[in-house]
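Please consult the sequence and structure shown below while reading.

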Amino acid sequence: MVAAGRGGDGAIHFRREKYVPRGGPDGGDGGEGGDVVLVADLRRRDLSGFRPNQKLSGGRGGGGGGRLSNGARGDDAVLAVPVGTQVFEGEELVSDLAQPGARVVVAKGGSGGRGNKHFAGPSRQTPRFAEVGLPGDEREIELRLKLLADAALVGLPNAGKSSLLTRISNARPKVAEYPFTTLSPVLGTVESADGRQLVVADVPGLIEGASEGVGLGHEFLAHLERARVLVHVIDSAEGDADERWRTIDAELSAYGAGLDERPQIVVLNKIDLSPEPPSFGIGDERIVRVLRVSAATGAGLDELRGTLFEHAPPEVEEPVEGAEEMVDFLVYRPQPARRSFRVYRTERGFRVIGKPPAEEELEAILKAAGARTGDEVEVGEELLEWD
């Protein structure tokens with residue numbers, strides 16, 4: 001849940017100075033409520049720090065004062081999220097924070113109310129009312145993270161992907177001799193001799209039917225969408241390597257999202273379990289290299305690291321022109337309807353101008369505006385008493 005701050009109330013105030021016994025109105029405006037903002041931060045790696053049903057609230061705008069002094073703007077609630085975070089409202093994708101520094105306002109603060117100075121005129125020289133600040137946006141959003149990796153390990157369960165990632169990177173995924181040991185994606189950093197780094201993801205093992213959602217296939221395949229190179233890991237000691245490659249490749253093609261067009265590095269793992277080097281007879285232009293390795297003995301792993309840096313070089317981050325002037329954009333949909341009423345504070349209570357809202361909404365607005373027992377509330381021709 002995100003709730004932006006309420007706008008501050010406008011002030012009812014009149015100029016009072018020596019020799020000016022009946023000065024005109026000089027009530028200032030209320031400040032705008034604070035927004036709720038998400039910012040993509042490279043230092044954040046996952047969403048594990050966020051609690052389910054957590055509420056994030058923006059600050060309330062300050063009230064206006066005399067001598068045309070305006071209220072302060074409410075503090076923004078700024079939340080740092082990992083690059084690659086997607087914001088959903090229901091099942092609708094409303095924002096994709098795919099770049100470092102990307103910034104999005106997910107709840108806009110309410111407008112501040114106008115002070116009584118705005119309502120002075122030839123026919124009303126001493127307005128004894130001012131606008132009440134409007135509530136900020138409030139909505140439920142869901143954050144989902146797609147991994148941002150240079151390369152992703154893909155293959156059938158128990159192909160040895162986790163063992164490979166452990167040997168070539170700093171990752172320490174759970175490794176065991178049974179399928180589906182990895183139940184969630186794991187990131188590892190591979191470092192070259194000259195200090196360059198690559199991020200490699202170990203995605204849970206896929207099974208036939210994954211593109212149709214079998215075995216959480218949709219969730220697993222979605223993590224491959226942003227990897228620039230797919231490392232297709234095959235257990236060379238178990239059955240026909242060509243057939244195993246075709247099984248997973250068919251799922252990539254059926255899922256779509258360009259996965260069937262990504263360059264692939266085919267890694268025939270567990271060569272230590274076979275007396276002869278395993279064969280691989282697939283000829284495909286997407287396959288940039290076929291490697292024979294053993295995660296157990298370390299054979300071929302240096303060549304694998306070199307191939308990763310050759311075909312998935314780390315992207316160089318270039319400064320974005322005008323980044324300091326990046327425009328915030330609102331992501332809530334649909335856009336809220338313009339209010340057909342305004343609430344004004346008077347010396348005796350409140351006045352509602354325009355088409356009155358539903359009773360529950362009006363009560364919430366007046367309560368937030370500080371209505372107290374005994375306050376008069378004018379709604380059209382009716383004069384009510386707050387209780």
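The model is predicted: local features need pLDDT of at least 70, side-chain atom pairs count only at pLDDT 80 or more, and totals for chains, interfaces and linings use all residues. Residues are numbered from 1 along each chain as its sequence is written, and side-chain values use heavy atoms, with hydrogens and water left out.

Helices (H or I, at least four residues) and strands (E, at least two) are DSSP runs, numbered from the N terminus. Buried means under 20% relative accessible area and exposed over 50%, with partly exposed in between (1.4 Å probe, protein chains only). In helix H5 (residues 359-368), Leu362, Ile365 and Leu366 are the buried residues. Viewed down the axis of H5, they fall within an arc of 95°, so they line one face of the helix; the arc is that of the directions from the helix axis to the C-beta atoms. Glu360 and Lys367, on the other side of H5, are exposed.

The following table gives values for the protein.

| Property | Value |
|---|---|
| Helices | 5 helices |
| Strands | 20 strands |
| Buried residues | 45% of the 387 residues |
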